[in-house]
Amino acid sequence: METSNLNKYRSKNPIQKWLIKRFENELVRLVRNKRGVVKVIDVGCGEGFGLRNLRENNVGKQYLGIDASSKALKLAKKINPDFSYLNGDIYKLPVKQNAAELVMCCEVLEHLEKPEEALRELKRVSKKYILLSVPYEPWFRLMNFFRGKYVKTLGNHPEHINWWGTRSFYKMVSKHLKVRKQVTVLPWQIILAEV
């Protein structure tokens with residue numbers, strides 16, 4: 001049982017491993033010194049790699065992963081069994097308002113038909129911080145294309161239906177949240193925001 005996310009994190013390609021490590025390090029750097037972060041919810045948690053990264057770097061003390069894919073959650077419970085997991089819809093998360101000090105949603109919004117509706121729901125469940133990432137376009141597609149991936153769609157991942165450069169991503173997020181920091185870690189961009 002494999003998923004594209006699992007294949008990404010288990011890749012033996014040294015360049016892909018290096019890119020993912022840089023991405024994970026930047027996520028931690030943005031939230032490491034944020035006071036009062038006890039509970040972390042990773043929305044679109046996949047196999048739990050994001051939660052593991054935060055725990056290994058002492059960000060938070062309680063961890064919950066939520067994903068719409070029962071296949072990913074089954075793998076998460078096997079690969080990263082130390083966390084709690086729930087099956088849930090990003091537009092109606094199965095947790096109460098202000099459920100966690102840090103809500104993370106990485107590599108999810110580009111797949112959604114209503115990303116702004118998802119942002120409103122992330123805001124509902126966060127007490128303080130929201131950590132978001134999406135592909136940095138057009139660089140994400142160009143890098144895919146030039147490495148021979150998704151050539152027929154000019155480097156676009158077949159499940160991506162939204163594309164943001166830094167300005168357009170900032171503009172969308174800032175309509176709903178207070179953007180505190182925006183960084184690019186090719187081929188991704190990350191925003192740390194507050195409710």
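These legends go with a set of close-up views of the structure above. The model is predicted, so keep in mind that local features need pLDDT of at least 70 and side-chain atom pairs count only at pLDDT 80 or more, while totals for chains, interfaces and linings use all residues. Residues are numbered from 1 along each chain as its sequence is written, and side-chain values use heavy atoms, with hydrogens and water left out.

**View 1. Helix H7 and its buried side.**
H7 spans residues 166-174, and Phe169, Met172 and Val173 in this helix are buried; buried here means under 20% relative accessible area, exposed means over 50%, and partly exposed is in between (1.4 Å probe, protein chains only). Helices (H or I, at least four residues) and strands (E, at least two) are DSSP runs, numbered from the N terminus. The buried residues of H7 pack against helix H5 (115-125) and against strands S5 (126-135), S6 (178-185) and S7 (188-194), where contact means heavy atoms within 4.5 Å.

**View 2. Strand S5 between its partners.**
S5 is mostly covered, with 8 of its 10 residues buried. Strand S4 (residues 100-106) pairs with S5 in the parallel sense, over 6 bridges; two strands pair if DSSP finds at least two bridges between them. Look for Cys106 opposite Ser133 in S5. To get from S4 to S5 the chain goes through H5, and this β-α-β crossover is right-handed, as the path from the first strand over the helix to the second runs clockwise with the strands pointing away from the viewer. S5 also pairs with S7, this time in the antiparallel sense over 7 bridges.

S6 and S7 run antiparallel and are joined by 7 bridges, with a hairpin of 2 residues taking the chain from S6 to S7.

**View 4**
How many aromatic pairs does the structure hold? There are 4 aromatic pairs, counting rings of Phe, Tyr and Trp (its six-membered ring) with centres within 6.5 Å; planes under 30 degrees apart count as stacked, over 60 as edge-to-face and the rest as tilted. One of them is Phe23 with Trp188, a tilted pair at 4.8 Å centre to centre and 45° between the planes. This pair links distant parts of the chain, with Phe23 in helix H2 (residues 14-31) and Trp188 in strand S7, 165 residues apart. Buried or exposed? Both Phe23 and Trp188 are buried. Tyr63 and Phe83 also pair: their ring centres are 5.4 Å apart and their planes are at 65°, so this one is edge-to-face. Since Tyr63 sits in strand S2 (residues 62-67) and Phe83 in the loop between helix H4 (70-79) and strand S3 (84-87), the pair ties together parts that are 20 residues apart in sequence. Tyr63 is buried at a relative accessible area of 11%, and Phe83 is buried at 8%.

**View 3. Charges over rings.**
Arg22 lies over the face of Trp18, at 4.8 Å from the ring centre. A charge sits over a ring if NZ of Lys or CZ of Arg is within 6 Å of the ring centre and within 35 degrees of the ring normal. Lys114 does this too, with its charged end over the ring of Tyr91, 5.6 Å from its centre.

Gln16 is in helix H2 and counts as buried, at 16% relative accessibility. Not counting residues up to four places away in sequence, Gln16 touches Lys8, Ser11 and Arg147. Pro81 lies in the loop between H4 and S3 and is exposed, with a relative accessible area of 52%. The C-alpha atoms of Pro81 and Gln16 are separated by 25 Å. His157, in the loop between helix H6 (139-146) and H7, is buried with a relative accessible area of 12%. Leaving aside neighbours within four places in sequence, His157 is in contact with Ser4 and Tyr150.
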